Amino acid sequence: MTSPIRSRLLGTGSFLPPRRLSNADLVAQLARDGVETSDDWIVERTGIRARHFADDGVKTSDLAFQASSKALQAAGLQPQDIDLIIVATSTPDMVFPSTACILQHKLSQTSPEAAGILGVPAFDVQAVCAGFVYALGVADAMLRAGSAKRALVVGAEVFSRLLDFSDRTTCVLFGDGAGAVVLEASDQPGGILATEMRADGRHVDILCVPGHVQNGNILGDPVLKMEGQAVFKLAVGVLEEAALKVLDKAGLQKTDIDWLVPHQANIRIIQSTARKLGLPMDKVVLTVQDHGNTSAASIPLALDTAVRAGRIQRGQRLMLEGVGGGFTWGAALIQY
Ligand code: ACO
């Protein structure tokens, strides 16, 4: 009898744009425009102490390229070894083509042999802050179905471009960055054990960027709008549900989780989820203090940070989970 195909995680990578703004830097910048906030308020309500912003002209595909290059290096692979590219982003370089196609082109130019990555399927996934979990779920399904052997899965954002810096309730929360993983179809045990993707379109309006392009003009208001408390309430409920679902699918218990690698939106949402899963905070990977909320990039950024710090070890079980606009949410249970 043949073993089932699983998606094994070969390598991780991440990238933060160099421009770092501490809360103090942001508070001073906002004060110049008459917007009042404070380090105390931001830390107490969110846990965020700093975030990185990309400079003008730097695009999502640039951050994705850096993170992907590191993930490929960690996996010991070259661009031409990849036969599927999925990018999760809500801040694509263009309306179309996909950021995944732009990334593919950039990776293809790194060496003569790297041109071998051209021709493989490349597409974006749009599920806002749940985007990376969605992208992982899609890649896993394609690998297990035999549609691809080695997938590059990326979460990358320049969320700073969507912020209204006159709205203190949102502009202090987000940052830019990218994270990536390389997956390989394998008949060995471990890898992605179960995934769950969910959405409830009734909540479109509580977290959105309600602008669109029409006849050469931008209509609507193309900046982030959020009803913070409504998002908070929904998020804490659905994250526990998704985590329990993937545990059930994998036939495992809460006590089998070695690390929670959550979407890094807000320390209070993360603490609440950890409590519901019975996990002490020293089993939770936290980067929200340094990165802010980088939307689809936050989970792979946190994952890579913990892997490179030697905290996450081979064989351990990781619960990844994200929630975002849509409303979208999901989880992935991985044996690293
Ligand atoms: N600085 C100082 N004061 C502020 C700021 C600020 N940056 N922002 C809001 N305030 C004030 C408000 O004006 C309000 O003042 P008032 O009482 O005089 O009216 C007071 O602080 C409290 O405001 P609330 O909105 O009630 O604050 P709350 O405790 O709900 O915290 C927050 C706001 C942090 C946004 C919280 O609701 C939250 O974390 N929500 C979830 C947001 C989130 O995680 N979003 C992302 C998830 S999905 C994704 O990642 C895209």
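This is a predicted model: local features need pLDDT of at least 70, side-chain atom pairs count only at pLDDT 80 or more; totals for chains, interfaces and linings use all residues.

Residues are numbered from 1 along each chain as its sequence is written, and side-chain values use heavy atoms, with hydrogens and water left out.

Select the ligand and the 22 residues around it; Arg45, Cys129, Gln229, Asn266 and Asn293 come nearest. A residue counts as near if one of its heavy atoms lies within 4 Å. By type, this shell divides into 10 nonpolar, nine polar and three charged residues, with Gly counted among the polar ones.

Next, display the polar contacts (pairs of N or O atoms within 3.5 Å). An N or O atom in the side chain of Asn293 is 2.6 Å from an oxygen atom of the ligand. For His263, a polar side-chain atom lies 2.7 Å from a ligand oxygen atom. At Arg168, a polar backbone atom is 2.8 Å from a nitrogen atom of the ligand.

Now colour helix H7, which gives the largest share of the shell, four residues. Helices here are DSSP runs (H or I, at least four residues), numbered from the N terminus.

Finally, select helix H5, residues 131-144. Of its 14 residues, 10 are buried, so H5 is largely enclosed by the rest of the structure. Buried means under 20% relative accessible area (1.4 Å probe, protein chains only). Among the buried residues are Phe132, Tyr134 and Asp140. Just after H5, inspect Gly146, which takes a positive phi of about 85 degrees.

Technical notes:
A polar contact is a pair of N or O atoms within 3.5 Å; within protein, one must be able to donate a hydrogen and the other to accept it, and residues adjacent in sequence count only if both atoms are side-chain atoms. Helices (H or I, at least four residues) and strands (E, at least two) are DSSP runs, numbered from the N terminus. The expected span of a helix is 1.5 Å times one less than its number of residues. Buried means under 20% relative accessible area, exposed over 50%, partly exposed in between (1.4 Å probe, protein chains only).
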